Amino acid sequence: MTETAPAIAEGPIDEAAVDAAVGSDAHGAIVTFRGVVRDHDGGRPVRALDYRAHPEAARFLTEIVERVAAETGLRVAATHRVGDLRIGDVALYAAASAGHRAEAFAACERLVEEIKRGVPIWKRQHYDDGVSEWVGL
């Protein structure tokens, strides 16, 4: 289980806190995922994006983290950022630890996929040509 609660962050993500939440002397593998804002999508140049969250997004995130931890028996943690992000900013940081790398990789991937699928956070991309659009609504 995590030692710190999963979070929806309005500023830069505290990656060290996420890492600390999964750290354990018993675990030889810690896998992390950094979802970083890139400069393109679908062949179009992107200059920035906004993430907006449902008022209960933190509850959804917490439920997912707790479920993945319970079902895998591993320590997992995650923080998702909201607000205005620029190219290179970290939007999602997730981590999992296990005795061996295969379990840690699998748990981290599962955590990220479930967060992307189940936490109500919406993304609006701002393209270089001045057009902005919501993605995945």
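## Reading the words against the values

Analyst: Gladly! At 11% relative accessibility, Val 31 counts as buried. Please keep in mind that this is a predicted model.

User: Why is Val 31 called buried?

Analyst: Buried means under 20% relative accessible area. Val 31 has 11%, so Val 31 counts as buried. You will find Val 31 in strand β2.

User: What does Val 31 touch, not counting residues up to four places away in sequence?

Analyst: Val 31 touches Ala 94, Ala 95, Ala 96, Arg 101, Ala 104, Phe 105 and Cys 108. There is also a distance to look at: Val 31 and Glu 109 are 78 residues apart in sequence, and their C-alpha atoms are 9.2 Å apart in space.

User: Now for Ala 9: is it buried or exposed?

Analyst: Ala 9 has a relative accessible area of 14%. The cut-off for buried is under 20%, so Ala 9 is buried. Ala 9 belongs to strand β1, residues 7-9.

User: Which residues is Ala 9 in contact with, leaving aside its neighbours within four places in sequence?

Analyst: Those residues are Thr 79, His 80, Arg 81 and Val 82. For His 80, the C-alpha atom is 6.1 Å from that of Ala 9, although the two residues are 71 apart along the chain.

User: What makes Gly 88 partly exposed?

Analyst: Partly exposed is the range between the 20% limit for buried and the 50% limit for exposed. With a relative accessible area of 42%, Gly 88 is therefore partly exposed. Gly 88 sits in the loop between β6 (83-86) and β7. Leaving aside neighbours within four places in sequence, Gly 88 is in contact with Val 36 and Val 37. Gly 88 and Gly 35 are 53 residues apart in sequence, with 9.3 Å between their C-alpha atoms.

User: Let us turn to a helix. Which residues of helix α1 are buried?

Analyst: In helix α1 (residues 15-22), the buried residues are Val 18, Ala 21 and Val 22. They cover an arc of only 90° around the axis, which puts them on the same side of α1. These buried residues pack against β2 (29-36), β5 (75-81) and β7 (90-98).

User: How many helices and strands does the protein chain have?

Analyst: The protein chain has three helices and nine strands. Starting at the N terminus, the elements run β-α-β-β-β-α-β-β-β-α-β-β.

User: What share of the residues count as buried?

Analyst: Of the 137 residues, 40% count as buried. As for the surface, the accessible area is about 7,300 Å², and 50% of that belongs to carbon and sulfur atoms.

User: How many positive and negative side chains are there?

Analyst: There are 16 positive and 22 negative side chains, and the centres of the two sets are 4 Å apart.

Definitions and conventions
Residues numbered from 1 in each chain as written. Predicted model: local features only at pLDDT ≥ 70, side-chain atom pairs only at ≥ 80, totals over all residues. Heavy atoms only, no water. Helix = DSSP H or I, 4+ residues; strand = E, 2+ residues; numbered from the N terminus. Buried < 20%, exposed > 50% of the residue type's maximum accessible area, 1.4 Å probe, protein only. Contact = heavy atoms within 4.5 Å. Areas by Shrake-Rupley, 256 points an atom, 1.4 Å probe, with all protein chains shown as cover. Lys, Arg positive; Asp, Glu negative; His and termini not counted. Charge placed at Lys NZ, Arg CZ, Asp CG, Glu CD. Arc of directions from axis to C-beta.
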